[in-house]
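Walk me through this structure, please.

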Amino acid sequence: MSESKNSSAENIPEIKGYDFKHPDRFTQEQICTLSMIHETFAGLSMIFIRTMIEKKIYIRVVSIKQLTYGEFLCGLPFPAVIGTINMDPLPGYALLEISPNISSAILNIIFGGEGAVKEHHALTDIESNIMEGLYIGMLGYLRESWREILDLKPRLEQIDIDPRCCTIVPPTEAVVAVNFECRIGDIEGAIIFCLPYQTLYPVMDKLKIQDRSAFEIIAEADELLEQNFLVQVLDEIPVRVTVELGRTTQPLEKVKKIKKGTVIELEKNVRNPFDIFAGSICIGQGEVVLYNDTYVIRNIDLKKIRHDTPLPFYLPNEDTEKGNADSENKNGYPDSLDGIKLTVSAVLDQIRQPIKTLKKLLYKNSMLELSNFNGEQVEVFAGGFRIGSGEVLMINDNFGIRITKTEDKNDE
């Protein structure tokens, strides 16, 4: 009798009230699947941000909660850094919030600090553009994390600081909030990814436990780290970066006559941006401004990479060679050499930077400090060799230089 009573008691279903204000839209299996997907996202984002700030960072999923969208917004700080994410091809949007501690530490490191957390404030234009680059990079890894469910193509729509501006669904709509723990050194914070139920609805039946363990996720992250090892080594190789005011071509005969006071007009309009060279290849353009008592080049556009950079000299044409082949000038040089055209360039600054620093120029509103340029004198080169320095002029609509100092002839 006692055994039958126990068995009948075990068959009694669990009965509890249903709360229409807080419905359970996600099953436990779907929650577990979302946890696995975003563990992968955490590992890949950790690698990306570590490369970006060149400091150790730790990210992991700590919880996944079901709640209403209104409750989620009430738990966000102000000001916050909240990215609205278009979840194409899924309908609607999601939110990715980075806590003020973490966003402040990342910005501080990128601007040359050690990762100190400053008083929370609204983002400046430059800070907003840096965070935009961070979000875009992370979304690339979000797509990779979801590839076993669907071909997700997330894209950043906007960044807000006020949670009240983020009305992607009604306040009563059910959402799932994926909470990530994030640490940079001694700085702790959180990253929260909010996914509305109606956005995930088309793939709810696909959110089944995937045959992937945490060990496989870690192994995948380690494999990516190994693949990036060579890239990290190459990133440390220094490259000569040259910011050029402008250039022109001059025959050797004129170059030999350059002296203090000589004025040279450059083939560069004063309204055009300055060329940036890595080695001998022009990799982009930007404008030079005074920023915090230091000259920097900003608004850098690396899309204008030129591979047709002029040679430092041009050989004389055939007619010049025939006309002067048998004669010599008073210095003992054949006159035909005077027909050689040299590239004369005015350089604002030459600095050596590791390749990893050049990669940061890909971020919008990035800047490169010109440590040797004082805003007055520029170095002058002919055929790739320094011949002196000069002051910058404006000749009609073009830049020009007036030579103020020439190199010692013994040095030449």
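**A guided tour**

Asn396 sits in the loop that links strand 16 (385-395) to strand 17 (398-406). Asn396 has a relative accessible area of 67%, so it counts as exposed. Keep in mind that this is a predicted model.

Now step back to the whole protein. It has ten helices and 17 strands. Of its 412 residues, 43% are buried. Take the contacts between residues at least 6 apart in sequence: 69% of them join residues at least 24 apart.

Glu54 is not a glycine either, and its phi is about 60°. Look for Glu54 in the loop between helix 2 and strand 1 (58-68). Its relative accessibility is 39%, so Glu54 is partly exposed.

From there, turn to helix 2 itself. How do helix 2 and helix 5 pack? Two packed helices are described by the angle between their axes and the distance between the axes. Helix 2 covers residues 28-53 and helix 5 covers residues 125-145. Their angle is about 140°, and their axes lie 9 Å apart. Helix 2 is therefore oblique to helix 5. Angles over 145 degrees would count as roughly antiparallel. The crossing of the two helices is right-handed.

Which residues make this contact? On the helix 2 side they are Ile37, His38, Thr40, Phe41, Leu44, Ser45, Phe48, Ile49 and Met52. On the helix 5 side they are Ile130, Gly133, Leu134, Gly137, Met138, Tyr141, Leu142, Glu144 and Ser145. By class, the contact between helix 2 and helix 5 has eleven nonpolar residues, six polar ones and one charged one.

Next, follow the chain past helix 3 (69-74). The loop between helix 3 and strand 2 holds Pro79. The peptide bond from Phe78 to Pro79 is cis, with omega near -5°. Another cis bond joins Asp88 to Pro89, where omega is near 10°. Pro89 belongs to the loop between strand 2 and strand 3.

Is Ser99 buried or exposed? Its relative accessible area is 11%, so Ser99 is buried. Setting aside neighbours within four places in sequence, Ser99 is in contact with Gly189 and Ala190.

Helix 4 spans residues 100-110 and is mostly covered. How many of its eleven residues are buried? Nine of them are. The buried set is Pro100, Ile102, Ser103, Ser104, Ala105, Ile106, Leu107, Asn108 and Ile109. What covers them? The cover includes helix 2 and helix 5, the pair described above. It also includes strand 2 (81-86), strand 3 (93-98), strand 5 (174-184) and strand 6 (187-196). After helix 4 comes Gly112, with a positive phi near 100°.

Move on to strand 9 (residues 274-278), which contains Asp275. With a relative accessibility of 6%, Asp275 counts as buried, because buried means under 20%. What does the side chain of Asp275 contact? It makes a polar contact with the side chain of Gln285, at 2.9 Å.

The last stop is Leu370. Find it in the loop between strand 14 (368-369) and strand 15 (377-382). Leu370 has a relative accessible area of 1%, so it is buried. Which residues does Leu370 touch, not counting those up to four places away in sequence? They are Val243, Val288, Thr294, Tyr295, Val296, Ile297 and Asp349. Leu370 and Leu290 are 80 residues apart in sequence, while their C-alpha atoms are 9.9 Å apart in space.

Leu370 is buried at 1% relative accessible area, whereas Asn396 is exposed at 67%.

Key. Residues are numbered from 1 along each chain as its sequence is written. This is a predicted model: local features need pLDDT of at least 70, side-chain atom pairs count only at pLDDT 80 or more; totals for chains, interfaces and linings use all residues. Side-chain values use heavy atoms; hydrogens and water are left out. Axes are lines fitted to C-alpha atoms, for helices over the stretch in contact, and angles run from 0 to 180 degrees between N-to-C directions. Helices (H or I, at least four residues) and strands (E, at least two) are DSSP runs, numbered from the N terminus. Angles under 35 degrees count as roughly parallel, over 145 as roughly antiparallel, 65 to 115 as roughly perpendicular and the rest as oblique. A crossing is left-handed if the near helix is turned anticlockwise from the far one by less than a right angle, and right-handed if clockwise. Contact means heavy atoms within 4.5 Å. Ala, Val, Leu, Ile, Met, Phe, Trp, Tyr, Cys and Pro count as nonpolar, Asp, Glu, Lys and Arg as charged, and the others, Gly among them, as polar. Buried means under 20% relative accessible area, exposed over 50%, partly exposed in between (1.4 Å probe, protein chains only). A polar contact is a pair of N or O atoms within 3.5 Å; within protein, one must be able to donate a hydrogen and the other to accept it, and residues adjacent in sequence count only if both atoms are side-chain atoms.
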